[in-house]
Amino acid sequence: MTETQTKTSSPEFRAAAGAIDGLRNDLLRQVFAYRPLPPLSPDGRVVRRLPEGMRRLVVWTPHALVLFAAFLVMMAGFAEWDYRFLMGVVPAIPVAMTLIRPVAAFWASMLATVFCGILGSELWGPSTFAAQVVVMVVVAARTRPRTAAWMWLLTLLFGVLVEAGDPSITAPLATLSAFALLVVAVVQIRRDAEREVTVQRTVTAVERDRRTLLEERTTIARELHDVVAHHMSVVAIQAEAAPYRVENPPPELEQAFVTIRENAVAALTELRRVLGVVRAEDYEAPDAPQPTLAALDGLLDNVRETGLETEKVITGAVRELPQGVELSAYRIVQEALSNSLRHAPGASARVELGYVLGGLGLRVVNGPPRGLVKPSPGAGHGITGMRERVAMLNGEMTAGATEDGGYEIAVFLPVPLSDGPEPRETAGGTTDATGDADTVVVERGGGA
C-alpha cells in the first residue's frame, strides 16, 4: 500500500493496517532472533543486600525458574498414559527455548500443542496447557504488552478453530492466560514508567547542573566586565590627558597617545558588546567598585552580626594583588561563610589568608553545627561558583569535610611577582611586595 492510499483511507482501515503491522513486527519478523535472557543486575535493590557469594547465584534466578517450569511441564506429560516421553519432552522444549529465542518459542509451543493433540485424546492436555501459559507469560515479560495481546488472541483463535467451535477447554486456558498476561503487562508498564522517571530525573539533574554552571559563569563575567571596563576607561582617560602634562610634546608622542586612546576605546566598546549579552534585562551595574580583600573586615563584621563567630588570620607580607584575584578571593570567602551560616548553624569559622611569593593562599574552615537550629539545604551553587573562579585564575581548590564534622575550603590563586602592585598599609604595619611570610595578623570576633 502506498503512502497516498494510506492517507486517503478511512480511520478504521488505517487502524486495521496498523494492527497487522504490529502483528508482523512482534511475532513474524525475526522469529529466530537470538535474544538470550540477561541475568539480574547485581545492583538491584534486593540483590545488592546479599553476600557476595550468594549474589553470584541469585542473579541467575530467572533462568532457574524457567528451567524449573520446563521440568514441571515435562513431569505433567509423564503423568499421561500414552506416549509419556513425547507428551512430556515436546511441550517442555518451547518453555526452555524462551531463554534464548522467545518469539520462536511461542510458535514452537503452538506446534507442540498440535503434535501432542494428534498423539493424545485432547488438544490441551496437562503438559500442553501448562506449557502454553508459561511460554506466553515468559515471552510477554521479555517483550512488550502488545506482543502479549497478540499471543493471547492467536491462542484463543487457534483453540476455537481446532475444537470446531467448542471452547470448553480453550476457555479455561484463555481465562487463566489473560489474568497472567494482565499481571505481566501491569508490571511491565510500571517498570517502564519507573525507568522513564529515572531517565527524566537524570536529565533534569544534568540540566540543573549545567544551568547552575552557566549562572555562575554569567555572574563572574558580569563582575569581570565591570572590573575590566573600569581599567580600560582609566587607560583611555590617562592617554588623552598625558600629552598635556608634557610641555611641547613631540608629534610622535602625541600620535602614540592618540593611538593608545583609540585602541582603549575600541577595546572597551567590543568588551561591552561581547560581555553585555550576559547581562539580564533587569541587571543594574553596581554604583560602588567591586569589592577586594581590603573590604574583608566589613564582610566579617556583617557575618558576626548574624551570630557566627569568626577569626581572621593573615600570614605573609600583605600586598595589593590584581583586582581580579582580589575580587575572586573576596567572593570565595563570602560564599564559604554563607555556606557556614547555612549548613553549620552555631559553628565558628576561621578565615586564613597567606601571602606568598607565588600567589595567595586562602583557607576557610568551620566547625560542626551546634545548637537546635537545623541546617538549611542549599541550591548547590556555592562550590560550583568557587571552582569556576579558581579555574579562571588557573588556581587549585580542595573542599571537603574535616575530621571533627566541619567543612574546609582551601584555595591557592597564583600571582606572578611582576603583577603585584605597590605595598599597602595593614594592621601589622607597612609591608613590601616581595616579603616572605613574616607578618601575622590575627583578628577575632564573636557573634552579637
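1. Two packed helices are described by the angle between their axes and the distance between those axes. The axes used here are lines fitted to C-alpha atoms over the stretch in contact, and the angles run from 0 to 180 degrees between N-to-C directions. The model is a predicted one.

2. Helix α4 spans residues 61-78, and its 18 residues reach 26 Å from the first C-alpha to the last, close to the 26 Å expected at 1.5 Å a residue. The buried positions in α4 are His63, Val66, Ala69, Ala70, Val73 and Gly77. Seen down the axis of α4, these buried residues fall within an arc of 125°, so they line one face of the helix. Their packing partners are α5 (84-97) and α7 (126-142).

3. With α5, helix α4 packs at an angle of about 160°, the two axes lying 7 Å apart. Angles over 145 degrees count as roughly antiparallel, and α4 and α5 are therefore roughly antiparallel to each other. The crossing of α4 and α5 is right-handed.

4. On the α4 side, the residues that meet α5 are Val66, Leu67, Ala69, Ala70, Val73, Met74, Gly77 and Phe78. Their counterparts in α5 are Arg84, Phe85, Met87, Gly88, Val89, Pro91, Ala92, Val95 and Ala96.

5. Helix α6, residues 102-119, has 18 residues and reaches 26 Å between its first and last C-alpha atoms, close to the 26 Å expected at 1.5 Å a residue. Buried residues in α6 include Pro102, Val103, Phe106, Met110, Thr113 and Cys116.

Methods. Residues numbered from 1 in each chain as written. Predicted model: local features only at pLDDT ≥ 70, side-chain atom pairs only at ≥ 80, totals over all residues. Heavy atoms only, no water. Helix = DSSP H or I, 4+ residues; strand = E, 2+ residues; numbered from the N terminus. Expected span 1.5 Å × (residues − 1). Buried < 20%, exposed > 50% of the residue type's maximum accessible area, 1.4 Å probe, protein only. Arc of directions from axis to C-beta. Contact = heavy atoms within 4.5 Å. Parallel < 35°, antiparallel > 145°, perpendicular 65-115°, else oblique. Left-handed = near helix turned anticlockwise from the far one by under 90°.
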